[in-house]
Each structure stands twice: as structure tokens, then as C-alpha cells.
Amino acid sequence: QVQLVESGGGSVQAGGSLRLSCAASGYTYMYSTISMGWFRQAPGKEREGVAVIYLIGGNTIYADSVKGRFTISQDNARDTVMLQMNSLKPEDTAMYYCALRGGSAYLTLRESAYNYWGQGTQVTVSS
């Protein structure tokens, strides 16, 4: 059974930094191609894709709103994906979710493409 567990959320002032982590388990022998991503949902808004990484090649994609400020990466064992968030803005405030997509090498920020989701971790940025 695939499990995704997020950590690292919290409160920070604008301009500050946070690092989110997502520990994944239970997927190793299920798929030959896997990508993992971070999504976020602010109150009253739809969930949106933030960043995605392809676990085999390390290719990444980002939402325009976070390019140059956020960096997605993985550890050597490929079972943890991190999101380094710098220069945070109040509009980055949201619940952040980790997601896993198996069976395709195509990177996408489209929420419906992802098979598994974590419970989320709250990020709050104050002005």
C-alpha cells in the first residue's frame, strides 16, 4: 500500500523559507516510471500543482508562480521528495500536499493525473 507522509510545514514571515518533505513507501515494485509532486490548496481555491519531479531522471517542472523561489528535489534513495521554499509570500499560504503518479514518464501539474496523495501540511506566510 502506497503511503505518503508530509512534514515541515509551519508559519513564517514573508521573505522567509520553509522546507517540506514527503516520505513515500509501498510503491517500489508497483511502477517502472514514477513522478512525485507538490500541490497546494488555499482556502476557497482549487488545488493547484506547484512542482513535480521524475524520480528516475530527476527532471522537474514548476508552476510559473513559484519558479525561481521553490526547488523540488529527491534524496539518493528516491523515497523522500523535498520542496525548498524561499522568498515566501503571503499568497503561498495553503495546505500543501504530496502526490505520486505511477506508470507515465510525462511530467504534469494536472491534479487528476496523480494516483496517491498525502494528508497535507499547512504553510502559513504572514506579511
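How many bridges join strand 2 to strand 11, and do these strands run parallel or antiparallel? I put this to the model, which is a predicted one.

**Entry 1: strand 11 and its partners.** I found that strand 2 (residues 10-13) is joined to strand 11 by four bridges, and that the two run parallel. Within this pairing I noted valine 12, which stands opposite valine 125 of strand 11. I then turned to strand 9, which three bridges join to strand 11 in an antiparallel arrangement. Here I recorded methionine 95 opposite glutamine 122 of strand 11.

**Entry 2: the faces of strand 11.** I next looked up which residues of strand 11 (residues 121-126) are covered. Thr121, Val123 and Val125 make up the covered face, whereas Gln122, Thr124 and Ser126 make up the uncovered one. In a regular strand, side chains alternate between the two faces of the sheet. I note that Val125, of the covered face, is the residue that valine 12 stands opposite, while Gln122, of the uncovered face, is the one opposite methionine 95.

**Entry 3: the disulfide.** I searched for disulfides and the count came to one. Cysteine 22 and cysteine 98 form this bond, with their sulfur atoms 2.0 Å apart. Cysteine 22 belongs to strand 3 (residues 18-25) and cysteine 98 to strand 9 (residues 94-102), so the pair ties together parts 76 residues apart in sequence. I read the torsion about the S-S bond as about -80°, and the disulfide is therefore left-handed.

**Entry 4: burial of the cysteines.** Are cysteine 22 and cysteine 98 buried or exposed? I found both of them buried.

Terms used: Residues numbered from 1 in each chain as written. Predicted model: local features only at pLDDT ≥ 70, side-chain atom pairs only at ≥ 80, totals over all residues. Heavy atoms only, no water. Disulfide = S-S within 2.5 Å. Buried < 20%, exposed > 50% of the residue type's maximum accessible area, 1.4 Å probe, protein only. Pairing = 2+ DSSP bridges.
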